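Keep the picture open while you read.

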Amino acid sequence: MRILIADDDPVVSAALAAILRTRGHDIVPAFDAMQALMFAMRAPHPDLILLDINMPGGTGITALTKLKASTKTALIPVIVVSGATDAALPARVMSMGAVGFLPKPVQPDGLFRAVNEALGIPEAAG
């Protein structure tokens, strides 16, 4: 599957990419919100987006709003990955259309579970 990782921290992005590549996923990195939107809008569209909240070029909240408002990207599942400490953030992004929320630092098992669930991959196949 093609996964867009939108995170301004290159270390976090590289770590998530390395973990997901072990399961055969193709990774497209984006390092700010505008780049993430641009990559998501053009074909081939990603099958899944991992989206950080605090990024330059607009926040992940703004990006999530635009992704869910566009007919090109509204059906792409989005998992928010954030180090933000706002206790209300997971419920907020889920109400905006995200299919999952992972706190940083992300644990590989939790990442695999969330990605498999978002993509409809049976647990044993992941």
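A few ground rules: helices (H or I, at least four residues) and strands (E, at least two) are DSSP runs, numbered from the N terminus, and two strands pair if DSSP finds at least two bridges between them.

This is a predicted model, in which local features need pLDDT of at least 70 and side-chain atom pairs count only at pLDDT 80 or more, while totals for chains, interfaces and linings use all residues. Residues are numbered from 1 along each chain as its sequence is written, and side-chain values use heavy atoms, with hydrogens and water left out.

Now zoom in on β3 (residues 48-51) and β4 (residues 78-82): they run parallel and are joined by three bridges. Leu51 has Val80 in β4 as its bridge partner.

## Helix α3

Which residues of α3 are buried? They are Gly60, Ile61, Ala63, Leu64 and Leu67; buried means under 20% relative accessible area and exposed over 50%, with partly exposed in between (1.4 Å probe, protein chains only). They sit on the same side of α3, because they cover an arc of only 160° around the axis, taken from the directions from the helix axis to the C-beta atoms. Their cover includes α2, β3, β4 and α4 (89-95), where contact means heavy atoms within 4.5 Å.

## Helix α1

In α1 (residues 10-21) you'll find Ser13, which counts as buried because its relative accessibility is 4%. Setting aside neighbours within four places in sequence, Ser13 touches Ile5, Asp7, Pro29 and Phe31.

The buried residues of α1 are Ser13, Leu16, Ala17, Ile19 and Leu20. These cover an arc of only 165° around the axis, so they end up on the same side of α1. Exposed Pro10 and Val11 are on the face turned away from that buried side. Among the things covering the buried residues of α1 are β1, β2, β3 and α5 (108-119).
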